[in-house]
Every structure is written in structure tokens, then in C-alpha cells.
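Student: Could you take me closely through the part of this model where the two chains meet? I would like one connected account of how the two sides are related and what each contributes.

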There are 2 protein chains.
Amino acid sequence: MIIAKTVEEVRDAIRQVRRQGQRIGLVPTMGALHAGHYSLMGAAKADCPFVAVSIFVNPAQFGPNEDLAKYPRTLEADLAGCREHGVSLVFTPESAAMYAPDAATSIHVARLSEHLCGASRKGHFDGVCIVVAKLFNIVLPDKAYFGAKDYQQASVIGRMVRDLDMPLEIVVCPIIREADGLAMSSRNRYLSPQERQQALALIGSLHLADKLAKAGQRESKALIGAMRQHIATAAPLGQIDYIEVMDPDSLSPTDRLDGPVVIALAVKFSSARLIDNMRIDPTRLGG
Amino acid sequence: MIIAKTVEEVRDAIRQVRRQGQRIGLVPTMGALHAGHYSLMGAAKADCPFVAVSIFVNPAQFGPNEDLAKYPRTLEADLAGCREHGVSLVFTPESAAMYAPDAATSIHVARLSEHLCGASRKGHFDGVCIVVAKLFNIVLPDKAYFGAKDYQQASVIGRMVRDLDMPLEIVVCPIIREADGLAMSSRNRYLSPQERQQALALIGSLHLADKLAKAGQRESKALIGAMRQHIATAAPLGQIDYIEVMDPDSLSPTDRLDGPVVIALAVKFSSARLIDNMRIDPTRLGG
């Protein structure tokens, strides 16, 4: 497994891989790897003989009051995990190798990136876009793998790739959950035991919405109301940032479930802001 | 010569060229080709066995009151010229093939793109960046060629390529001029005979600044003042948009010529807005 710290080291390795005509899969991460990340590497490995993983806690996607400094860094364990999962190259740049002092270029995806997490995390998705665009241009993957837990992120990146004609395919992989249903996240480790218990309210509220939709409820407002009530009861330590029923492609809020929707939510605990989502297709429900 | 109208046709052709390991040069144009464009194709041909030219009047880089509708379109002559100059592929997309109705992605290069032409043409360089990024991702060139006449454009694109780690080299080629010194431009054909004559004031004022610098003048203000006076006298039909003495890399205005500078100017005539520039290196002057 190659461990590259500079753009040039990656380019040198990739040049040889390309020359051999091997397909390249990329899994961009911020490290603190868990089973969710490893499932992406598994999906990449199934498609591509050469799997590259980037581990970079990207300052551009953190707001001034966010957890950049304390974001978990577990590089040794991450490298061991990558090795175990058959990764060919890990790119772990320093911040200075990624951003020149006079860097001036920004990428913005209008509408898709401006509500939901984009509303409470100003500039977050611009920061995601810039680092992902750079990683794509450095690693030149045929496919790149993102988790559905960050649904908005995957949508924003998908739109950027389409709009800029970037020559790769974005693969969105299913959410990986703990045994009790909590969506895996590097930030789960911030939770106190009590918060960890209450965090189940996120998936609990999604299951509730799913059940109500299956029972024939088509009004987004009613679903959101029921979810709010569930969270208020099951997670008194949590503060709802948003709950949204939306079109799976445009991410526009939808009033009624006349076709497939994604319900996404964010809940803030004192130590961590958690997100989760679920796709619901009423045309495939009993109703 | 392949004439491609869709992204897929280009990708198919490029895939084969890449498989053969041939270097690809790209010359992005808006058509209405002249000797300036052909010099770029010549430079590309000297470096790369496969030269692609794009001909696309990019709506995204025109302002609402600009000359998009009347911009000269001379496709048959352009194709003949490309053939003559040994071009391998011409990409002439329709606007709909380039921009989806729900396109949402924008690229902005801060500072570099915000003054000079960026001040009087709001959004112009964002439009240039988006189309150039798309063309790079479609054609996947090893090198792309731009003329030094659009100095700010070349700088903005160079910064975008560096900041996004785009895997290609930007080559900036010298300004090509008419016999009497006017910088070649597709917009020169808009000029009335009287304006055409007065348009010589642009290069005339640059020569004057060069002469004054050679004679020891190091104050930008003095050079700009002399240029303004020259243009007022020699081009009474022209209205100066800007004259700037600037750092060649950052494009920041410089008060004194303590190193190499670029002097750039834009002058509006009733029928066309013209630009020109000159690099002056006082350390290599007689003084």
C-alpha cells in the first residue's frame, strides 16, 4: 500500500496505474474510519483493481465555530484498516499541500447546497466541492464512492460532476448503521452515554415516518409533525436543526408524497450534530 | 478532421487518442477565427500530435447588455481554417449540449477576476471559468493554449487550474497583431473605418509607456497619465474603461515599476470594446 503525502507522489503512482489501464476507485474521507467508510472501500474494490483512499480533515468545509481542531484523528488505525481492506494507495496530505496561501478559486452549487445542512453550515458545501474537485483532478478516478448518510453532500457532488462534465462516475452507497440503528459517523464518538441513547431518535423518527407513509399518510407536514413529536419525547437533549421531506434529485421540499422522496434531518446534541435520512417511495408502499 | 457536436462524440474520439498514448492540445475559441487563433493552433500542433479546437460562443460569459446575439459566427470559414492548420477535432456544441436547464455549479476566482475587465463585465470570468473547466473535462488535454491579448483571462484560468489541481498545462502565446499594430480580435470587424484608425491609440499608448519606462520613468501614475493623454488625442471616439499597471502574477495594481509589470487597458468605441496589454521589465531596460 502506497502512502502518499504530496500531490506529486499521487500523480506519479496514478500515472503508472493509468498506463497499465487499470480502473481507479476513489474513496474520499476525513479519516476516523468506521464500517461506513470500509463499506465504501469494499464497493470500490468490487469495481476497481486500484482503490485510492484520501484521508484529509479539510479545513475549508469547517465553519469558524465548528469542530475542526477536535475532529478525531486516528491515522495509524485508519492506515491499518485501509491495508486490511485491500486499499492500494492512501493520500494523507498536509493542509499546506492542498491549499496555496493565495488560493482564490471557489466552486458553488446553487440551490442544492443552500438549505438543509448548507443553511446551518455556511460555506460548508463550497469547501466540500473544492476539496473533492481537487482530489478528483489529482487521483483521476473512474469512480468515486460516497455514503448516502451525507445525502445532500452526495447530491451536491453529483451535480458538480454533471455540470462540470467531470470524467468519472459518482457511486452513492447505502448508510451503514450500528446494531441498534444509529447511522455510523465519526462524530458519534463525541456523544455522552445519555446522548448516544437519545440519538436513536433520529432513525426512530424516520421509521415512524415510513410507517405512517405506509399507512397512507401523504402530507409532508403530518410526517414532519409526527417526527418532531417523536424526537421531542425520545431525545430531550437534542435540538432539531431541520426535518425536510424533499425531492430526491433537486432536494426541493415537497408538500406531498406523490412520488419517491427523501426525508432528511439534523439534530444537535451538545457534543455533536447528527444527520440521517431515508428514501421513501409511496408508489411502492401498501398504502 | 472530426467535427463533433456532442460531448459523447468528443469523449469517444478522445478515448481512442488516449489509448494510443497521443498528447492532446486544446485551443478553446468562440469562432470567428483569425491569425491569433491560428497561431495558438500552430503552437499546439508543435507540441501535440492531436489538436482539438472548440468553437462555442459561450452565453455564460456575456452580460445582459453585451454582444452575444451579434457576435460574429463564421463556422464554415472557421472549419476550413482549422482543416488547413492540421486540427484533428473541432467541437462545436449547441448551447443546450453544454448547459442543462438546471445547471447549478459556478466557479469563481477571487481577486484576479474582480477588477479590470471583471469590473465592467460582471460575471464574465465566472462564465469563462465554467466553460473552460467543462472543455478541459471533456477533451482531457495535456496542454491548453490561450492568447496573451486576454491577459486577465489567461491569468484567471491559470489560477483556476492551479487551485483545482487540474491535470494539464496552460500555455499563454504572444499577442498577434495586424500590420499596423492593432491586436487581432474577432470584435475588430465591428469597428467603423474611423474607429479602426483610432483603435491604434491602444498599442500607441502602450509603446509610449514602454518608451517612458525605458527613459527611466518608474511611476505608474505618470505612465498612466501619459497614456490617457495619448488616447484622448489619438482616439477621441474612444472612452477609456481602464488603464492599469499591475503585477504580472497577482494582477494587483503597482505604484512603481520595481520589477516586471503588465500594463493593460480597455477602450470602448461605440461599436466595440477593445483590450490590449504589454509586459514591461524595467530591470531589462536601458534606464
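Tutor: Two strands are taken to pair if DSSP finds at least two bridges between them. In this predicted model, 5 bridges join β5(A) to strand β5 of chain B, residues 105-109, and the two strands run antiparallel. Within that pairing, Ile107(A) stands opposite Ile107(B) in β5(B).

The relation between the chains can be set beside this pairing. Chain A is superposed on chain B by a rotation of 180° with 0.0 Å of shift along its axis, at an RMSD of 0.0 Å, which is the relation of a two-fold axis. The C-alpha of Ile107(A) is the one in chain A nearest the axis, at 2.3 Å from it, and this is the residue that stands opposite Ile107(B). Both copies use the same surface, since 100% of the contact residues of chain A recur in chain B.

As for what each side contributes, the contact takes 23 residues from chain A and 23 residues from chain B. On the side of chain A that touches chain B, at least two residues come from each of β5 (105-109), α6 (124-139) and α7 (151-163); of the elements, β5(A) gives the most, with 5 residues. Sorted by class, that side of chain A has 14 nonpolar, 4 polar and 5 charged residues.

Definitions and conventions
Residues numbered from 1 in each chain as written. Chains lettered and ligands numbered in written order. Predicted model: local features only at pLDDT ≥ 70, side-chain atom pairs only at ≥ 80, totals over all residues. Least-squares fit on C-alpha atoms with pLDDT ≥ 70 in both. Contact = placed C-beta atoms within 7 Å. Helix = DSSP H or I, 4+ residues; strand = E, 2+ residues; numbered from the N terminus. Nonpolar A, V, L, I, M, F, W, Y, C, P; charged D, E, K, R; others polar.
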